[in-house]
There are 2 protein chains.
Amino acid sequence: MKASQFFISTLKEAPADAEIVSHKLMMRAGFIKKLGAGLYNYMPMGLRTIRKVEAIIRDELNKAGAIELVMPVVQPAELWQETGRFDKMGEELLRFKDRHERDFVMQPTAEEVVTDIARQELRSYRQLPKNFYQIQTKFRDERRPRFGVMRGREFTMKDAYSFDRDVEAAGKSYDAMYAAYTRIFQRLGLQFRAVAADTGAIGGDRSHEFQVIADTGEDAIIYCPTGDYAANIELAEALPLIAQRGAAAEALEKVATPGKSTCADVAELLGLPLDRTVKSLVLATDETNDKGEILKSTVWLLLVRGDHDLNEVKASKVEGLKVGFRFATEKEIVEHFGTKPGYLGPVKTAKPLKVVADRTVANMADFVVGANEEGFHIRGVNWGRDLPEPDLVADIRNVVEGDPSPDGKGVLAIQRGIEVGHVFYLGTKYSKAMNATFLDVDGKPKHFEMGCYGIGVTRILGAAIEQKYDERGIIWPDAIAPFEVVICPVGYDRSEDVKAVADKLYADLGAQGVDVILDDRGERPGAMFADWELIGVPHRVVLGDKGLKEGLAEYQGRQDKEATKVAVGDIAAHVLAQRKA
Amino acid sequence: MKASQFFISTLKEAPADAEIVSHKLMMRAGFIKKLGAGLYNYMPMGLRTIRKVEAIIRDELNKAGAIELVMPVVQPAELWQETGRFDKMGEELLRFKDRHERDFVMQPTAEEVVTDIARQELRSYRQLPKNFYQIQTKFRDERRPRFGVMRGREFTMKDAYSFDRDVEAAGKSYDAMYAAYTRIFQRLGLQFRAVAADTGAIGGDRSHEFQVIADTGEDAIIYCPTGDYAANIELAEALPLIAQRGAAAEALEKVATPGKSTCADVAELLGLPLDRTVKSLVLATDETNDKGEILKSTVWLLLVRGDHDLNEVKASKVEGLKVGFRFATEKEIVEHFGTKPGYLGPVKTAKPLKVVADRTVANMADFVVGANEEGFHIRGVNWGRDLPEPDLVADIRNVVEGDPSPDGKGVLAIQRGIEVGHVFYLGTKYSKAMNATFLDVDGKPKHFEMGCYGIGVTRILGAAIEQKYDERGIIWPDAIAPFEVVICPVGYDRSEDVKAVADKLYADLGAQGVDVILDDRGERPGAMFADWELIGVPHRVVLGDKGLKEGLAEYQGRQDKEATKVAVGDIAAHVLAQRKA
């Protein structure tokens with residue numbers, strides 16, 4: 001490709017609404033162009049990277065035996081009503097009517113449609129396993145689209161769906177996709193981690209997120225640097241930090257703590273470490289009738305150590321809270337504790353309530369809690385002596401750095417990540433809802449065991465940039481850079497020597513299968529170099545009259561501090577040697 | 001690809017709602033699967049052909065200097081309001097609101113968005129010409145979707161848009177696209193014709209449709225077998241069939257023609273050839289005020305020869321009818337002719353009206369028209385003597401087979417076609433509506449001269465099948481067949497010989513870059529052959545124990561009446577020689 005035949009559009013400044021670095025750089029380097037909130041034109045430069053990402057995904061999925069098809073963006077509501085998602089999903093599911101007033105949705109995913117295909121096409125166990133995938137436009141009507149392609153409304157996603165005879169076979173399909181994803185992200189040239197994730201109502205341990213490591217990532221990834229353990233923070237198990245409850249050493253004492261409503265303030269005032277305090281969180285569950293009217297509410301007190309945070313996903317798995325919970329109202333709090341929030345605690349509540357203690361809290365002794373009286377706490381609190389044993393003990397907190405790893409192989413560390421892929425065992429959730437069956441070897445109909453597997457194609461661009469950039473611009477991995485090599489001739493239109501050498505190098509590299517661009521735009525060297533550093537092309541060759549007179553060209557890798565002088569005759573071989581294929 | 005790793009799904013019978021052969025065969029051969037009215041899943045088999053079509057289009061457009069990007073499916077209404085299309089377009093434009101009640105459309109084309117990109121990105125004449133294209137999902141909310149991918153609602157289209165400095169440069173862009181389209185359809189292996197088409201309000205002669213020739217085509221293509229002339233029927237010029245008006249030979253005579261209201265019936269009754277009769281068509285135009293209320297209507301009488309048909313597109317270009325016309329109401333007809341439709345004519349109308357005669361009618365003498373009296377016609381009618389000269393003489397009829405070609409190189413023939421591509425010079429229609437300008441060499445802003453160029457990617461599948469099929473199934477051109485070659489081993493799972501030869505041939509052909517599938521499903525030979533003939537793979541090799549014992553394999557081209565026996569050692573070379581690359 002010659003630059004004059006292509007479309008290059010760079011900006012000195014990013015638009016004001018670009019909040020994060022990948023969004024800014026993608027706009028500045030001309031990869032995307034905003035059309036509306038969460039809607040982007042994929043400009044020629046960006047499309048090249050998208051196509052390279054897609055090609056790697058497609059190649060690995062094909063090798064793993066998945067079969068590509070394409071399902072429509074516009075899908076009839078009827079299928080979505082079969083699974084209940086038409087009503088249950090929030091406003092991010094875009095619903096609309098056609099000219100005949102029939103209901104449709106724009107696909108955010110395609111479980112319903114692919115299950116509909118399977119129940120018609122896969123009639124016998126002999127046709128299994130099957131894994132169908134598509135690389136297709138998706139739509140989520142985000143309330144607040146932002147961060148460019150990271151949280152857009154229209155985006156490209158690869159979604160795959162596996163159909164199997166039984167749980168064991170589904171596990172194999174899952175493992176095959178996990179392995180394919182690992183190869184995909186390796187080939188994309190990204191530093192990533194597969195982390196165990198919550199399976200929600202489906203249960204089991206078959207859900208992994210593929211997270212691109214980046215300091216700016218939205219997600220907290222928990223891992224054990226000395227072992228294999230890795231999970232997202234929603235799932236990562238928090239072991240009790242105290243092996244056994246100690247004996248009571250202090251007497252119960254009510255202390256004045258005026259204006260000190262946080263654990264940290266109370267600990268400071270009392271001269272105690274924060275890990276001697278206990279935080280009280282008040283939740284409520286409702287029993288409702290068929291009409292959704294509340295018949296009865298139950299108030300719950302959850303206790304985590306002062307230096308810990310409640311993990312709501314874990315809380316939602318506690319017996320009794322599984323039905324769905326909310327935070328209690330101030331009225332309910334006053335009624336049950338006799339005081340307003342800020343000084344709440346489990347000792348002598350106004351009314352009885354269900355107490356759930358985190359595993360660490362359950363083993364604490366001589367701890368500090370609110371006194372259920374404004375301006376007061378009590379210290380020297382001990383289970384059994386001062387208050388009954390908790391109703392339930394459970395893991396309800398987020399892990400923190402330094403916690404013991406659940407696999408016993410060290411302590412946990414935390415890093416930030418951007419979720420770009422997800423593999424998920426669905427079980428029979430969709431096949432049962434849509435009565436999708438096949439005839440098994442015994443001649444009886446059986447529901448498919450399913451899995452679903454997503455990769456955010458356009459999101460990968462943002463994640464790759466968040467992972468690696470500098471003050472000059474993007475630093476693409478070789479595999480997905482819009483061009484691998486740029487030839488920057490200084491004086492292409494003035495010097496016959498420069499033109500001849502540049503044209504020959506361009507032809508030679510092209511013949512070797514290198515994706516090379518020759519910048520023949522006639523820009524000044526400074527502007528030309530700045531453009532390509534912003535765009536993030538990994539390898540650059542500069543050719544100028546001065547160097548050529550000495551028989552030299554200049555090579556500079558995108559991350560190199562300075563250029564290397566290379567004999568003109570060796571420059572093609574030098575570039576080839578620098579490539580990471 | 002081995003068949004066991006792929007997804008093959010064939011049907012004995014087409015679903016009842018498949019009306020045309022391409023739709024039936026695509027459903028039966030498992031290329032598409034219906035999701036809803038006008039919505040199809042592109043199944044794995046169909047997607048392979050789609051991807052091959054796309055690759056050829058992309059390759060030729062890139063060679064022609066066009067640059068690929070992708071514009072969102074969902075587009076904000078604001079841009080469509082700038083050009084007025086948001087209100088003007090019919091219900092086929094799908095409009096919807098997002099969660100914030102903002103208006104959006106699903107793109108049927110992208111003139112607005114690409115012009116918006118151009119007005120921001122193309123600031124100087126130095127950046128011109130530019131031609132941006134995308135291969136992307138489109139949506140048209142057809143009132144009555146049918147014929148499978150031929151008239152679906154969601155479909156894949158390649159749309160390109162060129163931006164130029166002036167009319168001359170725009171002509172060059174147009175010519176380049178015309179040439180690229182010619183190469184594309186040649187490479188697709190389709191028999192096609194580029195025909196001149198109407199340019200509507202834009203004017204000029206810069207509009208061509210690319211029509212795939214097929215007896216079942218919706219469109220009538222007019223061409224001169226002994227010259228280059230080709231146009232669609234809307235545009236094809238109808239020369240006067242009578243060079244000069246003859247002298248009156250008959251006296252005017254009123255004749256009773258009870259119950260004979262068509263020209264054919266009247267001619268038969270009178271024992272005259274049909275081309276002595278003249279057909280009367282009554283139109284009306286309305287003058288309206290700002291509120292759309294009709295201030296005044298004018299009634300028009302259009303005359304074409306009895307054996308000719310009115311061409312409404314041509315009529316709409318007649319001075320006075322350009323504002324838009326409708327067919328007159330019965331009330332208007334009675335008021336102006338003194339009688340109901342069936343016996344109308346231009347002689348002695350009850351009220352004066354505007355008379356437009358087709359060029360042939362204007363040169364007729366001694367002709368027959370209605371007498372404006374139920375049950376009567378008049379014969380021996382002559383211009384000047386019996387009625388005033390027509391107000392206007394114009395080409396207002398469709399050409400018919402045998403008409404003289406407008407280029408004087410012979411007579412016209414008609415064939416049927418399916419429109420798969422369209423190149424169109426837009427001029428400044430969109431750039432003026434959206435005030436899209438660039439700075440010209442004189443430093444002054446100037447509106448872009450634009451062109452647009454579409455290819456119906458998914459429609460090409462239907463058109464290719466309509467062009468070539470037989471009672472056994474589809475006959476794909478080599479270039480876009482889902483697979484080029486199928487190897488059908490008889491007893492792959494039973495005979496080591498068969499398996500060894502099949503595997504070797506599969507590997508050899510694959511190594512030569514042939515897109516080959518090995519049918520290892522273990523189907524009976526009859527079912528296996530029927531599947532691949534239905535699917536339409538161009539080349540088939542059958543391997544069986546019996547033949548192998550004699551050192552023979554069987555080759556059969558999809559259109560061959562019978563198989564050819566070929567020595568096993570030569571079979572790979574034989575297949576390669578049969579390929580049309």
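Two strands pair if DSSP finds at least two bridges between them. Keep that rule in mind while looking at this predicted model.

Start with strand S14 of chain A, residues 278-288. S14(A) is joined to S16(A) by 2 bridges, so the pair meets the rule. The two strands run antiparallel. Within this pairing, Leu283(A) stands opposite Phe327(A) in S16(A).

Now widen the view. S14 and S16 belong to an open sheet of 5 strands in chain A. The order is S16-S14-S15-S17-S20, and the pairing is mixed. Where does this sheet end? Its edge strands are S16 (326-327) and S20 (392-394). Each of them pairs on one side only.

Strand S9 of chain A, residues 192-196, pairs with S10(A) in the antiparallel sense over 5 bridges. There, Ala194(A) stands opposite Phe210(A). Strand S21 of chain A, residues 413-427, is joined to S10(A) by 7 bridges and also runs antiparallel to it. In that pairing, Gln211(A) faces Glu419(A).

Turn to a single residue in a loop. Asp440(A) lies between strand S22 (437-439) and strand S23 (445-447) of chain A. Why does Asp440(A) count as buried? Its relative accessible area is 5%, and buried means under 20%. What does its side chain meet? A polar contact of 2.8 Å links it to the side chain of Arg165(A). Beyond its neighbours within four places in sequence, Asp440(A) is in contact with Tyr125(A), Arg165(A) and Lys446(A).

Finally, step back to the two chains. The size of an interface is often given as the accessible area lost when the parts come together. Chain A and chain B bury about 4600 Å² between them, 59% of it on carbon and sulfur atoms. On the chain A side, Phe7(A), Leu35(A) and Arg99(A) lose the most area, together 15% of what that side buries. Each chain brings 53 residues to the contact.

Charged partners meet across this interface too, with 8 salt bridges. One of them joins Glu68(A) to Arg51(B), whose closest N and O atoms are 3.1 Å apart. The chain A side that touches chain B divides into 27 nonpolar, 9 polar and 17 charged residues.

How values were computed. Residues are numbered from 1 along each chain as its sequence is written. Chains are lettered from A and ligands numbered from 1 in the order in which they are written. This is a predicted model: local features need pLDDT of at least 70, side-chain atom pairs count only at pLDDT 80 or more; totals for chains, interfaces and linings use all residues. Side-chain values use heavy atoms; hydrogens and water are left out. Helices (H or I, at least four residues) and strands (E, at least two) are DSSP runs, numbered from the N terminus. Buried means under 20% relative accessible area, exposed over 50%, partly exposed in between (1.4 Å probe, protein chains only). A polar contact is a pair of N or O atoms within 3.5 Å; within protein, one must be able to donate a hydrogen and the other to accept it, and residues adjacent in sequence count only if both atoms are side-chain atoms. Contact means heavy atoms within 4.5 Å. Buried area is the accessible area (1.4 Å probe) that two parts lose on being put together, summed over both. A salt bridge is a side-chain nitrogen of Lys or Arg within 4 Å of a carboxyl oxygen of Asp or Glu. Ala, Val, Leu, Ile, Met, Phe, Trp, Tyr, Cys and Pro count as nonpolar, Asp, Glu, Lys and Arg as charged, and the others, Gly among them, as polar.
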